[in-house]
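My notes follow as numbered points.

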Amino acid sequence: MRNVIIVGAGGHSKVVRECLEQQGIYTIIGVLDNKYTSYEERDGQFRAPLDDFSQFKSNTTLWFIAIGDNKARAEVAIKLGDVSYATIIHPTAIVSKMATLEPGSVIMPLAVIQPDSVIGAHTIINTGAIIEHDVIISEAAHVSPRATVTGGVKIGVRVHVGASAVVNPGLSLGDDSVVGAGAVVVSDTEAGGTYVGVPARKLEK
Ligand SMILES: CC(C)(COP(=O)(O)OP(=O)(O)OC[C@H]1O[C@@H](n2cnc3c(N)ncnc32)[C@H](O)[C@@H]1OP(=O)(O)O)[C@@H](O)C(=O)NCCC(=O)NCCS
């Protein structure tokens, strides 16, 4: 068992901790979040402010950033610097031996990752999402519950694919773009754009 420190104590963190415990290869030793104002120990784990993170760095401990917001997760990864990350895979997820999961990613229950796909660091593949073959997902993205990313799609950094959305084969989703829940993406998305509907159209703000 490897020791892990979890960063983030919100709703997403609950689901991450559940996956980690089910995986059975890591032990959570503490949770860091700025909602804690001082160090305390509870049920064999510590709680402490995130701003105190440097006190907890060690060569043997792994970290995991369990913050649902993509931008915030990416920023915390920069702040933490050169720590090593756990990769969390729920036991009911199906991950091809020919897929690559970068450290800090989480694969939630019932998700499927097909061959030759790459899941970037700090990326969330949420409950029941399907990542088909040859999909390249960059850092700190989030594919929400039951979304389907079909073959050969490229997903930029911090992209959010909403729940039950579909991304058609071979498309590219620009950095920081957002796909609304239930959308069907039929053409590339521009960086920073938000797309909704069937077929998906850019929201003009
Ligand atoms: C697309 C999304 C990001 C837009 O959020 P937003 O920028 O706050 O936009 P708003 O709620 O102000 O809606 C703007 C317009 O888009 C429409 N809209 C919003 N989301 C939509 C969706 N998923 N599908 C179709 N239309 C949508 C709204 O009805 C509104 O239309 P109107 O201007 O005609 O009234 C959000 O609605 C969404 O779908 N998020 C995904 C959530 C998700 O799957 N989370 C998973 C967590 S695990």
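1. A polar backbone atom of Ala 181 lies 2.9 Å from an oxygen atom of the ligand. The model is predicted: local features need pLDDT of at least 70, side-chain atom pairs count only at pLDDT 80 or more, and totals for chains, interfaces and linings use all residues. Residues are numbered from 1 along each chain as its sequence is written, and side-chain values use heavy atoms, with hydrogens and water left out.

2. From Lys 205 it is a polar side-chain atom that lies 2.7 Å from a ligand oxygen. The protein covers 39% of the 910 Å² of accessible area that the ligand has on its own (Shrake-Rupley method, 1.4 Å probe).

3. The ligand is surrounded by 14 residues, the closest being Ser 144, Gly 162, Ala 163, Ala 181 and Lys 205 (a residue is near if one of its heavy atoms lies within 4 Å). This shell divides into 6 nonpolar, 7 polar and 1 charged; Gly counts as polar and Lys as charged in this scheme.

4. An unreviewed UniProt entry annotates Gly 68 as "binding site"; such annotations may be inferred rather than shown by experiment. Gly 68 sits in the loop between β5 (62-65) and α2 (70-80).

5. Leaving aside residues up to four places away in sequence, Gly 68 touches His 12, Arg 73, Ile 124 and His 142 (contact means heavy atoms within 4.5 Å).

Definitions and conventions
Polar contact = N/O pair within 3.5 Å; in protein donor to acceptor, adjacent residues only side chain to side chain. Helix = DSSP H or I, 4+ residues; strand = E, 2+ residues; numbered from the N terminus.
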